[in-house]
Amino acid sequence: QVQLQESGPGLVKPSQTLSLTCTVSGGSITTNYYYWSWIRQPPGKGLEWIGYIAYSGSTYYSPSLKSRTSISRDTSKNQFTLQLSSVTPEDTAVYYCARDFGGLGLHDYWGQGTQVTVSS
């Protein structure tokens, strides 16, 4: 059973960098054909895909967030990390990490989500 768990600060000040880590258990993030995504849901809105890091280590980001997003990984800890720079209150959301097979946007395992609020 694959499990994902997000961790990181719940409050970030405007203009700072949001940093969240997803710890994966029950499966390796380097296993072929799995893609590891970050997804968010602002209050009252739908899900927004942020980007992923692939089993190979390659990354791909949403065009609307690409200039501010970086996803990296630590294979020794089986973790991957989201960094979103220059945050504003519009980045307030519940942030999820999730697994996708094949990079097709079909996420089969999700973390429980973590609330991040951007406020001074």
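1. Buried means under 20% relative accessible area, exposed over 50% and partly exposed in between, with a 1.4 Å probe and protein chains only. By that cut-off, 41% of the 120 residues of the protein are buried.

2. This is a predicted model, in which local features need pLDDT of at least 70, side-chain atom pairs count only at pLDDT 80 or more, and totals for chains, interfaces and linings use all residues. Residues are numbered from 1 along each chain as its sequence is written, and side-chain values use heavy atoms, leaving out hydrogens and water.

3. The protein has zero helices and 11 strands, where helices (H or I, at least four residues) and strands (E, at least two) are DSSP runs numbered from the N terminus.

4. For 120 residues, a compact globule would have a radius of gyration near 14 Å, and the 13 Å of the protein agrees. The radius is taken over C-alpha atoms, and the globule rule is 2.2 Å times the number of residues to the power 0.38. Along the principal axes, the C-alpha atoms fill a box of roughly 40 × 25 × 25 Å.

5. The largest nonpolar core has 25 residues, of which L18, W38, F80 and Y95 touch the most other members. Such a core is a set of buried Ala, Val, Leu, Ile, Met, Phe, Trp, Tyr and Cys residues joined through side-chain atoms within 4.5 Å. Elements giving two or more residues to this core include β3 (18-25), β4 (34-41) and β9 (93-101). The largest share, four residues, comes from β3.

6. Contact means heavy atoms within 4.5 Å. Among contacts between residues at least 6 apart in sequence, 54% join residues at least 24 apart.
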